[in-house]
Amino acid sequence: MATELAFQSSINPIHTTTYGVDEVLTACPETGDLLDIQYDWDRVPVPSSLKEFERRWSSRRNPLDFSGVWRFRELLPFAPDDKIVTIGEGQTQLQQSEHVAKFVGVDDKNLFLQYEGLNPSGSFKDNGMTAASTHARIVGASMAACASTGNTSASLAIYSGVTKLFKTIVFVGSGKIAYGKLSQALDYGAVTLQIQGDFDDALKQVREVCRAANIYLCNSVNPFRLEGQKTIMYRVLEGLNWEVPDWIVVPGGNLGNSSAFGKAFMELKELGLIDRVPRLAVINARGANTLYQLVEEKGLCWNGGQPDEALVNEFYQAMDADNRRASTLASAIEINRPVNLMKCLRALDFCDGVVREVDDPDILDGKAQVGVGGLGCEPASGASVAGARLLREQGVIAPSDRVVCILTGHQLKDSTATVDYHTGKNGQSGNNYVNSPIQVENDYEKIMEVIRQIS
């Protein structure tokens with residue numbers, strides 16, 4: 001039984017056994033369930049108001065106050081200050097976008113983009129990796145590993161490369177990673193194993209390898225990863241002057257973000273720091289729509305911590321029998337077996353959430369509209385905008401609702417997808433917002449003729 005103010009416990013509310021934060025666990029030893037990091041909030045000096053965190057804006061020379069994760073450290077108090085690993089993550093922005101608001105169909109001032117592409121490795125993963133790296137330091141890990149569609153490997157590799165605290169191995173599926181992301185893992189010095197298979201195969205292998213070789217696992221099955229990712233929601237509230245929006249719309253892949261967001265709002269509500277919670281919308285790509293099928297078509301739900309696991313197992317067995325593989329141009333969410341499924345069900349339950357699926361052409365159109373509005377994002381990010389538009393068309397989101405769409409990664413994570421979209425090389429029908437380069441002869445008059453046409 002853990003006695004410290006921070007401890008690990010099963011997400012299953014029936015099981016109350018706890019474990020210390022000095023233990024390296026990716027599942028409850030007793031039940032096999034996913035783990036949460038929990039706190040004895042009576043022993044934590046939590047501010048009485050979220051506004052109190054603003055005092056740290058004036059002490060940015062302190063690395064912990066500069067970090068957009070650790071300046072909220074009272075809300076994830078599992079590590080002493082001298083053990084925290086930070087490289088300046090979380091300097092991200094909440095950007096109001098009238099252009100995307102028009103595209104989605106909400107009132108001009110009501111659409112916001114939380115742009116996580118400004119993190120050091122270019123994606124939201126740094127929010128979680130700073131927390132996982134901190135825990136790795138606490139337990140004295142000398143080697144860390146992850147399976148990745150690209151962003152996780154880049155993030156783990158940059159923390160390893162900058163801090164030199166541990167060596168890194170990343171597992172990627174053959175042909176299932178954007179080159180922009182692969183280049184980061186290679187450049188930052190990680191050992192990269194490219195296996196024959198997809199992300200689900202890579203994750204299965206890395207979990208077995210880490211267990212056998214005592215390597216620290218940094219995928220989002222690691223509960224400390226999600227503690228860091230909670231802070232994305234703190235920064236959203238910060239950007240809205242600590243007011244709660246009506247909707248948080250997030251792409252759904254391995255479901256770490258949606259799970260972390262739900263936990264963030266559960267804790268903030270418990271602590272009395274917010275008086276209501278937003279609704280949560282998780283958006284799958286149609287080619288990787290496990291969550292949508294299970295929740296919206298088959299009725300899977302949290303059920304007070306007792307979801308129908310037989311239904312899930314039956315679904316996966318049928319998927320294996322049919323050899324169904326995830327397939328979407330949004331490679332960051334090209335995942336068939338989301339490890340955080342159960343945590344996401346809990347988040348959907350608490351936040352009165354919904355799940356939707358969108359096609360690749362809609363995802364790429366959403367991405368293009370974000371780009372026209374001045375923020376470049378990776379394809380998966382376009383799912384949040386496409387999903388918000390779909391929910392507005394369905395009447396689930398109202399024009400007057402204040403909506404936050406999460407942009408998970410930078411445009412240059414997958415520049416090929418962007419160029420292929422605008423040049424018609426992606427094999428997709430539609431491409432409704434193409435901005436193709438204009439071919440012109442190497443001749444002054446010809447060039448001027450084009451200039452006059454576009455003036």
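## Close-up views of cavities, a pocket and selected residues

**View 1. The second largest cavity holds about 50 Å³ of space.** A cavity is a set of points, on a 1 Å grid over the protein atoms alone, where a 1.4 Å probe fits but cannot get out, and lining residues have an atom within 4 Å of a point. Grid points are joined across faces, edges and corners, and a volume is the space filled by probe spheres set on the points. The model is predicted: local features need pLDDT of at least 70 and side-chain atom pairs count only at pLDDT 80 or more, while totals for chains, interfaces and linings use all residues. Residues are numbered from 1 along each chain as its sequence is written, and side-chain values use heavy atoms, with hydrogens and water left out. Gln8, Glu23, Val24, Leu25, Thr26, His135, Tyr216, Leu217, Asn222, Pro223 and Phe224 line the second largest cavity. Strand E9 (216-217) and helix H7 are the elements that give two or more residues to this lining; helices (H or I, at least four residues) and strands (E, at least two) are DSSP runs, numbered from the N terminus. By class, the lining has six nonpolar residues, four polar and one charged, where Ala, Val, Leu, Ile, Met, Phe, Trp, Tyr, Cys and Pro count as nonpolar, Asp, Glu, Lys and Arg as charged, and the others, Gly among them, as polar.

**View 2. The largest cavity contains about 280 Å³ of space.** The structure has four cavities of 30 Å³ or more. Of the 24 residues that line the largest cavity, Phe124, Lys125, Gly253, Asn254 and Ala332 lie nearest its centre. Two or more lining residues come from each of strand E6 (143-148), H4, helix H7 (223-229) and helix H9 (256-270). Nine of the lining residues are nonpolar, twelve polar and three charged.

**View 3. The largest pocket has a volume of about 900 Å³.** A pocket is an open set of grid points with protein on both sides within 12 Å along at least five of seven lines. Its lining numbers 35 residues, and Arg207, Tyr316, Arg337, Pro338 and Val339 are those nearest the centre. Helix H6 (199-213), helix H11 (309-321) and helix H12 (341-350) each give two or more residues to the lining. The lining consists of 14 nonpolar, nine polar and twelve charged residues.

**View 4. Asn151 is buried, at 1% relative accessible area.** Buried means under 20% relative accessible area, exposed over 50%, and partly exposed in between (1.4 Å probe, protein chains only). Asn151 lies in helix H4 (residues 151-163). Its side chain makes a polar contact of 3.1 Å with that of Glu378; such a contact is a pair of N or O atoms within 3.5 Å, where within protein one must be able to donate a hydrogen and the other to accept it, and residues adjacent in sequence count only if both atoms are side-chain atoms. Leaving out residues up to four places away in sequence, Asn151 touches Ser123, Lys125, Lys181, Ala332, Glu378 and Lys413, contact being heavy atoms within 4.5 Å.

**View 5. Gly117 lies in the loop between strand E5 (111-115) and helix H3 (125-138).** Gly117 is buried, with 4% relative accessibility. Beyond four places in sequence, Gly117 touches Gly122, Ser123, Leu407, Thr408, Gly409 and His410. A distance of 9.8 Å separates the C-alpha atoms of Gly117 and Ser381, which are 264 residues apart along the chain.
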